[in-house]
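Reader: Please show me the structure. I will then ask about one chain, one residue and the contact between chains.

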Amino acid sequence: METLLALGQGFALALDPVNLLWALAGVTLGTAVGVLPGIGPALTIALLLPITYKVGATGAFIMFAGIYYGAMFGGSTTSILLNTPGESATIVTALEGNLMARRGRAAAALATAAIGSFVAGTLGTLGLTFLAPLVVEIALVFSPAAYFALMVLAFVTVSAVLGCSAPKGFASLFLGLGFGLIGVDLLTGQARYTFGVPELLDGFNVVIVAVGLFAVGETIYLALHGPRGVAPRSAVSGRLWLSREDWRRSWKPWLRGTLIGFPLGALPAGGAEIPTFLSYFVEKRLARRPEEFGHGAIEGVAGPEAANNASAAGVLVPMLTLGLPTSATAAIMLSAFQSYGINPGPLLLQTQPDLVWTLIASLYLGNVMLLVLNLPLIGVWVRVLSIPPPLLYGGILVFATVGAYGISHSAIDLVLLYAIGGVGYLMRRFDYPSAPAIIGMVLGPLAEQELRRALQISQGDPSVFATDPLAAALLALAAVALVLPIMLRRRRPR
Amino acid sequence: MPAGALYAKIGPSIFPYATAVGLGVSGIALLWTAGHGMGSPSDATAAPSLDRRALAWLGAGLAANVVLIGPLGFIAASTVLFACVARAFGSRRPLRDAPIGFALAAVTHQAFIRLLGLDLGSGTFAGF
């Protein structure tokens, strides 16, 4: 009941015309970056971080969340029409979706993706609404030791479980943790890794690292190894809607996708990729006509598209209740909170109830806007896809420069941006995931604070991590998440 | 790094050491997997053909941007960057690319000043 009252208050604020405009701007921008291959929500929010100096927290977060949701909608369009995933979370959609498009069923594929995204996004937001207050109650009793253990668990899962190779995930994570160390130590004021350069005392700016890894790195990669010319694009014919048969075959995958996506998003395992793959395999297994998989089965689009939107809602649960980002986008949003001087965590719901509930209410509204943007207006987004790559990537680098140069007007920052872009290129080239680096950089300093707080309370006695039952359990889970994949790989005959 | 005695046990050096050890262990693990043929498939395949001309144009664009942004300002430097990157992506029409880059940079510049109150430094294009 209390939740519904708070949500009602949130709706009252979210329906304010200015906030509606922020939501509209966010979902439109989000759909656009989702549609465009090579740029995603994490990068877009990073580039827009400077607005936190000028715009109030509520407006900014309404827009950021709209970008996050919108990218999940928009990514499917590219996957279906171009067979190039617009987002990593829509890789699976390209499998069946593009086959459907080649058989002239692009309209049905786009419609089931959009409606499924809406259904899952709305159900996921409902889950967020009712789960968040419960998680907060639990989180309030977390000791610093338990918090640190939870962060360790998140580090292990994003590094070891996501991506193709655990060592590469960890290398990326520790690189990010190293970036996070640069600058003045928050507890003692000691300068670390600044090498006497005063500009480094404030540390690496997360905008420069995120934009360098994602935008510059990706652009270099595509310039050096990318395909030449414009990819063949499937045409969309007819009205975007579903036949009775398509509805019948889609609604169950939507619900199953939601059930897979939301909990996996909410767990500190994070990310939207794994739920989409799981959903795809579940649908393939359950399909009445499994032989259609590989020839454009609508279930293979409906399920994963629902799963990625539900997981986006799920990721916001640990983000808003624990201050625990489990995807690159959430990590950037966490640094946006920090630039407002707000510490997301269990107290957020008490100290900033208006902000949180307006944000959640705007997610419901944003979903409705996205349905409109992605069904009747799909033609606009299809046209966005015909921007020639030279202009698209030239523009991306210009925007990257704005984001980096606008912070401090120093050409040194640009050198740093391009150097990190070079690192991002190498990581992309050799299949190192970049999300762990961003999460490590943003979450690392917070984890360090919790660790040292825990050790100060226990007067330097590290056994606190074994005697605090919650901390011990979480660390044990982290150990399992680390060792289990290795064991499974060992057992599989090679 | 030196640490005060008060924090000797739980001071600012714990995390850097942990991070260094972590990086080292990841590196050893990577070497081990590579040595046992367990690397990811992309390592084994021959390097995809590298477009040297694209690399040269891209490098030139980025370098020009760093050098020019101070003296010439954001808009001019971005126009050069845009045209070079477009060239790296195979565009053969610099006379189309440069005006588009100029317009994009000018709009972005104005948006930043008007909407965000962030000055990007106008250089010689102060009138724009």
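Author: Helices (H or I, at least four residues) and strands (E, at least two) are DSSP runs, numbered from the N terminus. This is a predicted model: local features need pLDDT of at least 70, side-chain atom pairs count only at pLDDT 80 or more, and totals for chains, interfaces and linings use all residues. Residues are numbered from 1 along each chain as its sequence is written, with chains lettered from A and ligands numbered from 1 in the order in which they are written.

Reader: Which pattern does chain B follow along the sequence?

Author: Chain B has zero strands. Its helices number five. Read along the sequence, the pattern is α-α-α-α-α.

Reader: Which residues does A:Leu391 touch?

Author: Contact means that two C-beta atoms, placed from the backbone, lie within 7 Å. Residues up to four places away in sequence are not counted. That leaves B:Ala86 and B:Ile100.

Reader: Which element gives the largest share of the side of chain A that touches chain B?

Author: The contact takes 48 residues from chain A and 53 from chain B. Elements giving two or more residues on the chain A side include helix H8 (166-181) and helix H9 (206-225). The largest share, 13 residues, comes from H17(A).
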